[in-house]
Amino acid sequence: MTNRRIHTAKFKRDASQLARTSGNLSGTARDLGIHVSLLRKWMNAEQEKGESAFPGQGKQVLTPEQQEIQRLGKENEILRQEREILKKAAAFFAKETTR
């Protein structure tokens with residue numbers, strides 16, 4: 001079993017920039033010791049996403065709109081849980097008053 005190598009975002013950006021300037025994708029990949037498909041994947045990601053292409057360690061760079069959606073989703077979940085607690089409490093107290 002081989003060990004996975006972890007490449008920094010700077011390395012990925014530099015590698016894709018080097019491949020773009022040299023025009024030789026396979027030669028650049030060979031020189032860097034990575035597979036051509038991996039270099040191509042990095043180049044495509046950088047072209048599509050720009051600065052947010054390589055967030056690292058699974059962390060996503062979210063736009064302000066995405067952050068707001070995430071915050072509202074968390075708030076919505078808390079409100080649902082509170083509503084369920086209140087339903088159960090109301091049912092409990094309704095049962096207590098009928099006795």
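This protein has 4 helices and 0 strands, where a helix is a DSSP run of H or I at least four residues long, a strand a run of E of at least two, both numbered from the N terminus. Along the sequence, that reads α-α-α-α. Keep in mind that it's a predicted model: local features need pLDDT of at least 70, side-chain atom pairs count only at pLDDT 80 or more, and totals for chains, interfaces and linings use all residues. Residues are numbered from 1 along each chain as its sequence is written, and side-chain values use heavy atoms, with hydrogens and water left out.

**The whole protein**

- Of its 99 residues, 16% count as buried (under 20% relative accessible area, with exposed meaning over 50% and partly exposed in between; 1.4 Å probe, protein chains only).
- Among contacts (heavy atoms within 4.5 Å) with a separation of 6 or more, 40% come from residues 24 or more positions apart.

**A look at helix α1**

- Helix α1 covers residues 9–22, and its end C-alpha atoms sit 20 Å apart, which agrees with the 20 Å that 14 residues should span at 1.5 Å a residue (1.5 Å times one less than the number of residues).
- K12, A15, S16 and A19 are the buried ones to look for in α1.
- They lie on the same side of α1, because they cover an arc of only 95° around the axis (taken from the directions from the helix axis to the C-beta atoms).
- On the other side of α1, K10 and T21 are exposed.
- The cover over the buried residues of α1 includes α2 (25–32) and α3 (36–49).
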